[in-house]
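Subject: Structure for you to look at

Hello,

Here is the structure I promised you. Please open it first, then read my notes below.

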Amino acid sequence: MKKDILSYSMKAIKALTTRTMVFENDCIPIRVQNLSYKKIINAIRVGMSVYAKPKKPWGYPITLQIEPSSLCNLQCTLCPVTYGMDRPTGLMDFELFKNIIDTIGDYLFMIVMFNWGEPFVNPAIYDMIAYARRRNIKIVSSTNAHAFAEQENAEKLIKSGIDVIAVAIDGIKQETYERFRGAGVLETALKGIRNLVAAKHAMNSKTPLINFRFIPMKHNEHEIPELKKLAKSLGVDALSIKTLNPYGCYSDEISEDPAYYNKCLTTDERYHRFSYEGLSVNRCRKRINPPCIKLWDCMTIQWNGNVCICAFDYRNKYGLGDIRANSIKNVWSGIPIRSLRQQFGKDYQKIQLCKNCTHSFVGGSLDGEIIEEVFYNQSVTNLFSKPENSEKVKPI
């Protein structure tokens with residue numbers, strides 16, 4: 001933890017002279033240039049807050065995770081959207097998004113534009129991305145790519161100025177793809193990728209970085225040797241192999257049935273998210289306490305304006321406020337989130353969500369460990385910088 005904080009602080013100090021900082025999202029390094037001093041100074045204050053963990057942070061969030069949609073066009077195995085999240089579903093309104101940006105956009109480095117659901121079923125998302133990019137905010141999103149089988153949508157995405165788009169493809173044959181992606185059609189998703197690549201080239205655009213993402217599971221791990229060939233043929237910028245989190249219930253309920261995990265986990269332990277205790281399904285806990293910094297540097301906002309502790313609180317059991325009824329700045333420093341920070345600092349394991357969180361176990365880190373390997377098209381490395389976890393990065 002101290003090493004991470006020192007690294008973060010050094011980046012912030014360097015940014016005062018270069019007005020540039022580099023962040024990573026799933027091992028994709030994102031360079032933010034021409035930063036305002038307002039953003040840099042806020043980032044330094046946030047870094048100090050991460051170290052001291054006050055109930056009220058000394059800065060505003062530098063990252064937002066926003067849910068453009070809690071609806072989805074697929075029915076993926078293990079996903080809470082498929083079996084019900086026990087909260088209202090819908091699409092974020094552009095005016096709500098605009099209000100978010102107008103209020104704290106001057107402090108933000110990055111917005112992760114997905115939470116639960118497929119973000120691109122919301123037709124307003126392209127305008128949202130473009131609006132945020134005008135404030136020099138980097139945008140990262142994830143998709144199943146079905147929306148981009150329509151060429152018009154692919155062109156709108158490129159024009160929006162989005163920085164990174166991860167395309168989730170977890171099978172390279174229809175029979176393996178649909179085992180996890182439910183109602184998904186592989187050829188539709190691949191057509192979506194081809195349309196994105198073609199539109200990017202046609203517009204001579206440097207962005208987005210198009211990341212072909214694959215999660216190995218028992219039924220598809222035999223396809224891993226063919227991934228680089230497919231990624232090359234599609235013309236994507238990166239191929240990332242992400243470890244599986246088989247714990248479908250991210251909140252309070254954790255199944256301890258070994259058969260449940262054995263049917264999902266690969267035989268190759270490199271692709272396991274967690275370290276396990278022998279043959280038991282019990283995960284090995286981290287010694288670091290606490291292992292997460294999101295309560296001090298990131299805010300998660302659901303489609304209807306509800307603020308929750310983080311993305312894993314898909315049921316909004318730990319609701320922290322509603323930005324439609326209260327200022328986002330007030331929610332960030334309000335009593336509910338202050339109480340949560342205080343409890344987290346004392347003993348995070350007394351918060352059930354945090355106790356069972358993927359980040360609380362060996363292998364489930366906030367950053368690099370959830371990505372096992374990344375293969376890059378060399379032409380994009382100058383634009384997006386060299387990843388810190390360089391031992392995991394190889395050419396496509």
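**What I found**

Asn204 counts as exposed, because its relative accessibility is 71%. (Exposed means over 50% relative accessible area, buried under 20%, and partly exposed in between, with a 1.4 Å probe and protein chains only.) Asn204 sits in the loop between H8 and S7. Its phi is near 50 degrees, a positive value in a residue other than glycine.

A word on the basis. This is a predicted model, in which local features need pLDDT of at least 70 and side-chain atom pairs count only at pLDDT 80 or more, while totals for chains, interfaces and linings use all residues. Residues are numbered from 1 along each chain as its sequence is written, and side-chain values use heavy atoms, with hydrogens and water left out.

**The chain overall**

The chain has 15 helices and 13 strands. Both are DSSP runs numbered from the N terminus: helices are H or I with at least four residues, strands are E with at least two. Of the 396 residues, 57% count as buried. Take the contacts between residues at least 6 apart in sequence: 71% of them join residues at least 24 apart. Contact here means heavy atoms within 4.5 Å.

Which residues of H6 are buried? They are Asn153, Ala154, Leu157, Ile158 and Ser160. These residues cover an arc of only 160 degrees around the axis, which puts them on the same side of H6. An α-helix has 3.6 residues a turn, so residues three or four places apart point the same way. The face of H6 turned away from the buried side carries the exposed residues Glu152 and Lys159. What do the buried residues of H6 pack against? Their partners are H5, strand S6 (164–168) and helix H8 (186–202). Just after H6, Gly161 takes a positive phi of about 90 degrees.

Start with H5. The axes of H5 (residues 125–133) and H6 (residues 151–160) come within 8 Å and cross at roughly 15 degrees. Axes are lines fitted to C-alpha atoms, for helices over the stretch in contact, and angles run from 0 to 180 degrees between N-to-C directions. H5 and H6 are therefore roughly parallel to each other. (Under 35 degrees counts as roughly parallel, over 145 as roughly antiparallel, 65 to 115 as roughly perpendicular, and the rest as oblique.) The crossing of H5 and H6 is left-handed. That term applies if the near helix is turned anticlockwise from the far one by less than a right angle; clockwise is right-handed. On the H5 side, Tyr126, Ile129, Ala130 and Arg133 make the contact. On the H6 side, the contact is made by Asn153, Lys156, Leu157 and Ser160. By class, the contact of H5 with H6 has four nonpolar, two polar and two charged residues. (Ala, Val, Leu, Ile, Met, Phe, Trp, Tyr, Cys and Pro count as nonpolar, Asp, Glu, Lys and Arg as charged, and the others, Gly among them, as polar.)

Now H8. H6 and H8 pack at an angle of about 50 degrees, with their axes 9 Å apart. That makes H6 oblique to H8. H6 passes H8 in a right-handed crossing. From H6, the residues Gln151, Ala154, Glu155, Leu157 and Ile158 meet Asn195, Leu196, Ala199 and Lys200 of H8. Five nonpolar, two polar and two charged residues make up the contact of H6 with H8.

**Single residues to look at**

- Ala189 is in helix H8. It is buried, with a relative accessible area of 0%. Beyond its neighbours within four places in sequence, Ala189 is in contact with Asn144, Ala145, His146, Ile169 and Tyr177. The C-alpha atoms of Ala189 and Ile169 are separated by 7.7 Å, and the two residues are 20 residues apart along the chain.
- Pro208 lies in the loop between H8 and strand S7 (209–214). The peptide bond from Thr207 to Pro208 is cis, with omega near 5 degrees.
- Asn136 is in the loop between H5 and strand S5 (138–143). Asn136 has a positive phi of about 60 degrees although it is not a glycine.

Best wishes

Note on methods. The arc is that of the directions from the helix axis to the C-beta atoms.
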